[in-house]
Amino acid sequence: MDDEDHEGKKILVIQTHGVATPTRTYSPLFYAMAAAAMEMEVMVWFTMDGTNQLKKGEAEKVQLVKDSNVNLKTMLEMTMDSEVELRVCQQSLELWDMKPEDLIDGVEILGATSIIDLALNYDHVMYF
Amino acid sequence: MAHEKVNGCVILKNLHYNVENNTWVRVIDDSTVVIGMTDIAQNLAGPLLHAKTKKVGTVRKQGKPIATVESGKYVGPVKAPVAGEITKINDALSGDAGMINRSPYNSGWIVEMKADNLADELSNMVSGDDAVAAYKEKIERDNIQACEQIEGADTYD
């Protein structure tokens, strides 16, 4: 299928890895940006351990690329700049004792039923 | 002088620029243009590993992607500076995306397009000394790091 046929499709990226495993945080965001660059509608859903990278002050501690200024915070910002939507699981916030005001700007909170609706309505789900 | 360097980044004065999207346009005739990434854009992206252009015949609105490029640290679209139809693509890029890094204004061109309304769209771009001034401002505002030397930069004059 030609890439032109993919434009407008919806991709849901589910990220379950967080600050304890830096090497598992980079690629999902990179794929999300790639899909956005290809004119797809993209959302990253953070749940389980993935939630903790969205706590203010945490992502900037995670260096992703040696000898560069790219850290997890800059990756999250670049992802949002690419018009990728970031959402976090309500129940996972409690898992990490996080309150809505602890979240970095630009992230919305959704509940479990919403993720089921989203998964059913997206063209493809990528699970990490 | 046909070109100027701002923070080491080459700006050719005879091209038209969409500064926001960091693309250049070379006018071939009253509707045909060649399009590419600026020296600043390739420098920001870093050494490119892949460049995937849209196909010949693709009709694009202004601002929609004509290609996607990716390096180890960046992936993003090259946005059409004009509305119209892609009439040629640079086939060489599929095997050597680094050509965009080495020669962003010549052999690293991205696509040729037949523009729907070129005169109007050129009026929204900058060229010559206005382009140099616009990029000076952008480089300072965005704190863009110095560009590395590209091929042929000393021969553009």
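Okay, quick definition before anything else: when I say two strands pair, I mean DSSP finds at least two bridges between them. And keep in mind that what you're looking at is a predicted model.

So, with that in hand, let's go to chain A. Strand β3, residues 85-89 of chain A, is joined to β4(A) by 4 bridges, and the two run parallel.

Now zoom out a bit. What order do the strands of that sheet come in? It's an open sheet of 5 strands in chain A, going β4-β3-β2-β1-β5, with parallel pairing. The edges are β4 (107-110) and β5 (124-127) of chain A; each has a single partner strand, so one side of each has no neighbour in the sheet. From one strand to the next, the twist averages 25°.

Okay, on to where the chains meet. Chain A puts 13 residues into the contact, and chain B puts in 12 residues. On chain B, two strands each give at least two residues to the side touching chain A: β8 (65-71) and β9 (75-79).

Last thing, the confidence numbers. For chain B, the mean pLDDT is 93, with 96% of its residues at 70 or more. For the model, ipTM comes out at 0.75 and pTM at 0.85.

Key
Residues are numbered from 1 along each chain as its sequence is written. Chains are lettered from A and ligands numbered from 1 in the order in which they are written. This is a predicted model: local features need pLDDT of at least 70, side-chain atom pairs count only at pLDDT 80 or more; totals for chains, interfaces and linings use all residues. Two residues are in contact if their C-beta atoms, placed from the backbone, lie within 7 Å. pLDDT is the predictor's confidence in each residue, from 0 to 100. Axes are lines fitted to C-alpha atoms, for helices over the stretch in contact, and angles run from 0 to 180 degrees between N-to-C directions.
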